[in-house]
Amino acid sequence: MGQYTENELAKDLENQDYKFGFVTDVETEKIPVGLNEDIIRLISSKKEEPKWLLDYRINAYRTWLTMTEPEWAHVRYQKPDFQNITYYAAPKQTKKYESWDDVDPEMKETMGKLGISMEEQKRLTGVAVDFVMDSVSVATSFKSKLKELGIIFCSFSEAVQEYPELVREHMGTIIPHTDNFYAALNAAVFTDGSFCYIPKGVRCPMELSTYFRINAGGTGQFERTLVIADEGAYVSYLEGCTAPQRDENQLHAAVVELKALKDAEIKYSTVQNWYPGDKNGIGGVFNFVTKRGLCETNAKISWTQVETGSAVTWKYPSCILKGDHAVGEFYSVAVTNNYQQADTGTKMIHLGKNTKSTIISKGISAGDSQNSYRGLVQIHKNAHKSRNFSQCDSLLMTDHCGAHTFPYIECKNPTAQIEHEATTSKIGEDQLFYCKQRGISEEKAISLIVNGYCKEVLNQLPMEFAVEAQKLLAISLEGSVG
Amino acid sequence: MIEIINLHANIEGKEILKGLTLTVKAGEVHAIMGPNGAGKSTLASILAGREEYEITSGEVTFEGADLLELSTEERAHLGLFLAFQYPVEIPGVSNVNFLRTAINEIREAKGEDSISAKEFMAMVREKSKIVELDSKLASRSVNEGFSGGEKKRNEIFQMAMLNPKLAVLDETDSGLDIDALRIVAKGVNTLKSADNASIVITHYQRLLDYIVPDFVHVLHDGKIVKTGNKELALELEEKGYDWIKEETQVG
């Protein structure tokens, strides 16, 4: 984080509005609005999918029809009209790019504006990127270099074509389509996403990253990500998200499945900055996401998320600690401002012996927003000597926002050790005054205090993302003390 | 350096300062003493720019500028420093990061370039010695988990780093043992020069055994009622404040 100077921060703060609110002018191919089995067949045929996958989708759709939208979260919103969404929107010219030069210039410009660099030779740091716009993956960099190590990193659609056995073997095994309403919907209509496989004993030499972008209006984004780390493998994976500024509420219902086999480690980081809606709470993305990872013996999954965007967030990246000695971690910063609502947290399911989990959650509420932590720590009866440590802190920036904590603990093994700490504090006028007396402006003081408050989480992010996240926090909380 | 003329100030409708007048010139050390509730800390807060106070009349000129028109940070940029009576903890923000930010903000306000990392670290090493501050404290979060004495030493360390024109020390001696007191005083004395000045606010005389003031003022009921030299402080120590109160009432 050291490279990022305060001057740069100040410069970024000048541009305090949502800076990713633009729309790319590319021709978009959309299918008819609405949802039924024909639509699903159409999506599947567009993607030239094998029959098993179509069957999977139809099955999920039929399950979804029997389900109801969950209402237990501490959020209020107008439920989406699922018949009024276009489930497939793709920038035209979706034929495979042979090289970077084939990519539409508009698209290149979009990536430029989003700060994504795909030109491998120009990149200084090793981050391979898969760029997903609306329903399809647009480009993936460093693919061939990764392939030399046996690492597969490609769009989900490509994986279905190229590695159907791998996809079929793992997809839906961690989050079955019956898991919940949005997971079922995603299983029925998902259009693309990222796929990643790290072979046995391979340590992925660069950060893998997917950038999700909603561009077209009237659409939803339903992507699926599947990351498999084979025995002893290691991978660090990042995802970033933005969307244009619109009055409508766009739906984003993603599914992310992680599988860490014996001795493997997956580090999954998210910087979520979907359009949050305007100051009066109009528009913004509904972010209803299911994320879960499975840890076999001695494996480790670490979720880190910085959530600043979306009008409504409903998201609980979880770990199933199936194998003995498995480790699960969840580090989260969730910021809500204006009328944003977030209900986020994690589930740590301890099945194996000596499993260990850590939860560090930092909620920051500003404006009239509502910010909830919801977590479950479940120790099953065979999970001898398992341990959990949870820390949930809430920071209030105004006196009309809300912070809530819903921690659930279920313990069926007497040898387990569970610790839970929680604090709620208001950003101190005294802290601000102290900073100002030393010559530090209010905006910078807030950014300093908030970043300090989130430090434990931000430290978990890879360097590049940590800087982004720092800026994002400052921008999200601009002028928010009151 | 600073000229305070007939300053009146309220908090929540209650008048605390009732016509305070004080002039401090470069190179001088002024001590302000007085009983509890006299308005000592109010004066410090108003000079630093706390917003809870309402200034009803009076003028304050600092380095040629109308101080009361300036924001807290602008005052700091001009070289006003307040050593807090109760230094605030800022978890997760390292002391060095905090100070580097402050120094660069002040430099930027003056149109100067940011301090280089090398120059900054050299300065940290040099200045932390003045207050015998463990270099580990410099990299820890601002005041978090510091003992009372460490917090006060950290205030003086920050003062040394920021090199202010005018330092206001608000009861810096409160809660200090004799060793910490000596270290803090040594810091203040080391930093003293012909170009800067300090206002030392204290309830007790003992700090003035270590920091020798050029002037001692007694603040009572929102006004400076008596001004003298070091001898006055000793007299107050011996006799308490009651005779001042009586004298004022009679007067």
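Me: Which residues of α4(B) meet α6(B)?
Reply: B:M123, B:K127, B:S128 and B:I130 are the α4(B) residues, and they meet B:F157, B:A160 and B:M161 of α6(B). Contact here is two residues whose C-beta atoms, placed from the backbone, lie within 7 Å. Helices (H or I, at least four residues) and strands (E, at least two) are DSSP runs, numbered from the N terminus.

Me: And the numbering and model type?
Reply: Residues are numbered from 1 along each chain as its sequence is written, while chains are lettered from A and ligands numbered from 1 in the order in which they are written. This is a predicted model, where local features need pLDDT of at least 70, side-chain atom pairs count only at pLDDT 80 or more, and totals for chains, interfaces and linings use all residues.

Me: At what angle do α4 and α6 of chain B pack?
Reply: About 135 degrees, with 9 Å between the axes of α4 (residues 117-130) and α6 (residues 148-162). That makes α4(B) oblique to α6(B). The cut-offs are under 35 degrees for roughly parallel, over 145 for roughly antiparallel, 65 to 115 for roughly perpendicular, and oblique for the rest. Axes are lines fitted to C-alpha atoms, for helices over the stretch in contact, and angles run from 0 to 180 degrees between N-to-C directions.

Me: Is the crossing of α4(B) and α6(B) left-handed or right-handed?
Reply: Right-handed. A crossing is left-handed if the near helix is turned anticlockwise from the far one by less than a right angle, and right-handed if clockwise.

Me: How do α6(B) and α7(B) pack?
Reply: At about 5 degrees, with the axes of α6(B) and α7(B) (residues 178-191) 10 Å apart, so these two helices are roughly parallel. From α6(B), B:G149, B:K152, B:R153, B:I156, B:M159 and B:A160 make the contact, and from α7(B), B:A180, B:I183, B:V184, B:G187, B:V188 and B:L191. By class the contact of α6(B) with α7(B) has eight nonpolar, two polar and two charged residues.

Me: Switching to chain A. How do α3 and α8 cross?
Reply: Their axes come within 7 Å and cross at roughly 150 degrees, α3(A) being residues 51-65 and α8(A) residues 181-189. The crossing is left-handed. A:Y56, A:R57, A:A60, A:Y61, A:T63 and A:W64 of α3(A) meet A:F181, A:A184, A:L185, A:A187 and A:A188 of α8(A). That contact has nine nonpolar, one polar and one charged residues.

Me: How many residues does the contact take from chain B and from chain A?
Reply: Chain B gives 23 residues and chain A gives 20. On the chain B side, α2 (72-77), β7 (90-94), α3 (95-109) and α6 each supply at least two residues. The largest share, six residues, comes from α3(B). The chain B side divides into twelve nonpolar, eight polar and three charged residues.

Me: What does A:Y453 touch, apart from its neighbours in sequence?
Reply: Beyond four places in sequence, A:Y453 is in contact with A:K362, A:L395, B:P91 and B:G92. A:Y453 is found in α10 of chain A.

Me: Why does A:Y453 count as buried?
Reply: Because A:Y453 has 22 C-beta neighbours inside 10 Å. The cut-offs are 20 or more other C-beta atoms within 10 Å for buried, 12 or fewer for exposed, and partly exposed in between, with C-beta atoms placed from the backbone.

Me: And how many residues of α10(A) are buried?
Reply: Eleven of its twelve. Across the 482 residues of chain A, 56% count as buried.

Me: Which residue has phi near 65 degrees, other than glycine?
Reply: A:H325. A:H325 lies in the loop between β16 (318-321) and β17 (327-336) of chain A. A:K385 also has a positive phi, about 55 degrees, and is not a glycine. A:K385 sits in the loop between β20 (370-379) and β21 (387-396) of chain A.

Note on methods:
Nonpolar A, V, L, I, M, F, W, Y, C, P; charged D, E, K, R; others polar.
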